[in-house]
Amino acid sequence: MQAKRKDVLPRVRPERICIATVFVGREFRSQWAERTLPNKRQYAERFDHALYVQEERTVKDALFEKVALVRSLSGVCDITFASDADAVFTAAAPALGRILAQVDPAG
């Protein structure tokens, strides 16, 4: 019987993988939310990932909004994927847990 390696993290449950996205500012929100948010919701629902959407400013510098959102989720999510507001998931995109398992050589 082979001993379990201590440096191998257990697989993350799908519901503990979060997608975080920021649509701050009326102009930016009107430009992107309608186009990309339904796609993010559909992807999150398909793979049982939590989706967190921030629409209000929480820090002075807008460049750090996404970082602040990801940090705020550190106790809620095991893994947080920060998705740019203008990004979409393709129809063939695998679950984030599957991608994580492929890039972690320890399993």
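Me: Is Cys 77 buried or exposed?
Reply: This is a predicted model. The relative accessible area of Cys 77 is 4%. The cut-off for buried is under 20%. So Cys 77 counts as buried.

Me: Which residue does a disulfide join to Cys 77?
Reply: A disulfide is a covalent bond between the sulfur atoms of two cysteines. Here the S to S distance is 1.9 Å. The partner of Cys 77 is Cys 18.

Me: How many residues apart in sequence are the parts that Cys 18 and Cys 77 tie together?
Reply: Cys 18 sits in strand β1. Cys 77 sits in the loop between α2 and β3. So the pair links parts whose separation in sequence is 59 residues.

Me: What is the handedness of the link of Cys 18 and Cys 77?
Reply: The structure holds one disulfide. Its angle about the S-S bond is -95°. The link is left-handed.

Me: Which residue meets Asp 78 in a salt bridge?
Reply: Asp 78 lies in the loop between α2 (65–72) and β3 (79–82). Its partner lies in the segment before β1 (17–22), so the pair ties together parts 62 residues apart in sequence. The N to O distance is 2.9 Å. The partner is Arg 16.

Me: Are Asp 78 and Arg 16 buried or partly exposed?
Reply: Asp 78 has a relative accessible area of 45%. For Arg 16 the value is 23%. Buried means under 20%, and exposed means over 50%. So Asp 78 and Arg 16 are both partly exposed.

Me: How far apart are the closest N and O atoms of Asp 84 and Lys 66?
Reply: Asp 84 lies in the loop between β3 and α3 (96–103), and Lys 66 in helix α2. So the pair ties together parts 18 residues apart in sequence. Asp 84 is partly exposed at 38%, and Lys 66 is partly exposed at 26%. In their salt bridge the closest N and O atoms are apart by 2.1 Å.

Me: What percentage of the residues of the protein chain count as buried?
Reply: The protein chain has 107 residues. Across the chain, the buried share is 26%.

How values were computed
Residues are numbered from 1 along each chain as its sequence is written. This is a predicted model: local features need pLDDT of at least 70, side-chain atom pairs count only at pLDDT 80 or more; totals for chains, interfaces and linings use all residues. Side-chain values use heavy atoms; hydrogens and water are left out. A salt bridge is a side-chain nitrogen of Lys or Arg within 4 Å of a carboxyl oxygen of Asp or Glu. Helices (H or I, at least four residues) and strands (E, at least two) are DSSP runs, numbered from the N terminus. Buried means under 20% relative accessible area, exposed over 50%, partly exposed in between (1.4 Å probe, protein chains only). A disulfide is a pair of cysteine sulfur atoms within 2.5 Å.
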